[in-house]
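Welcome, and please get your viewer ready. We will go from stop to stop, selecting as we go.

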Amino acid sequence: MKLRLQHSIEREKLIVSNEQEVLRVHYRAARTLANQTLPFSACTVLLDAEVYNVPMDTQKLLNIPRCVAGVALRSELGQPSLETDDGKTSVRDRFNARQFMSWLQDVDDKFDKLKTCLLMRQQHEAAALNAVQRLEWQLKLQELDPATYKSISIYEIQEFYVPLVDVNDDFELTPI
């Protein structure tokens with residue numbers, strides 16, 4: 001019962017993680033469509049303002065342009081600018097539906113792989129638990145009546161006495 005509950009919790013966590021990742025992709029697509037940069041966290045702003053980190057090379061600090069608030073420019077973060085040298089937006093850098101579908105497909109592939117690994121691990125855990133319980137059942141039988149059950153194998157023990165934990169492998173990652 002405990003293993004079945006643990007497996008159910010792990011499946012639910014995987015489903016929630018998948019939903020969270022899909023929401024991140026949608027948020028990223030909306031941000032890209034609106035041509036907005038990645039928002040900064042407070043830690044990034046403090047790091048950029050050099051509040052806690054004193055730079056070793058002061059020459060480097062003089063050569064890096066900063067915004068008024070101390071936030072790094074897009075080009076400083078290594079993110080590609082959407083503008084070319086002549087100030088026009090490149091067609092190749094524009095967001096399109098194919099790119100969005102590619103991001104969603106990447107998430108689906110990632111979580112399908114995680115689902116496969118999760119199910120294989122859960123089936124392995126269930127089989128291992130069953131083997132241990134059959135062995136304990138066999139030892140208890142031999143302890144109670146050594147003459148009758150001396151040569152009994154763990155495979156001769158009926159599944160009725162030691163059931164195998166059923167691993168539900170037909171769950172959907174994106175329930176609708």
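This is a predicted model: local features need pLDDT of at least 70, side-chain atom pairs count only at pLDDT 80 or more; totals for chains, interfaces and linings use all residues.

Helices here are DSSP runs of H or I with at least four residues, numbered from the N terminus. Select Lys-140 and Glu-143 to begin: both sit in helix α4, 3 residues apart, or about one turn of the helix. Their side chains meet in a salt bridge (3.4 Å, N to O), a term for a side-chain nitrogen of Lys or Arg within 4 Å of a carboxyl oxygen of Asp or Glu.

A word on the model before moving on. Residues are numbered from 1 along each chain as its sequence is written, and side-chain values use heavy atoms, leaving out hydrogens and water.

Colour by confidence next. Helix α1 (residues 2-33) has the highest mean, 93, and helix α3 (residues 58-63) the lowest, 51.

Now go to helix α4 (residues 97-144) and select Lys-115. What is the nearest side chain of opposite charge to Lys-115? That is Glu-172, 5.4 Å away, and Lys-115 is buried without a salt bridge; buried means under 20% relative accessible area, with a 1.4 Å probe and protein chains only, and charge counts Lys and Arg as positive, Asp and Glu as negative, without His and the chain ends. Finish by showing Phe-171: its backbone oxygen lies 2.7 Å from a polar atom of the Lys-115 side chain.

Technical notes. Helices (H or I, at least four residues) and strands (E, at least two) are DSSP runs, numbered from the N terminus. Buried means under 20% relative accessible area, exposed over 50%, partly exposed in between (1.4 Å probe, protein chains only). A polar contact is a pair of N or O atoms within 3.5 Å; within protein, one must be able to donate a hydrogen and the other to accept it, and residues adjacent in sequence count only if both atoms are side-chain atoms. pLDDT is the predictor's confidence in each residue, from 0 to 100.
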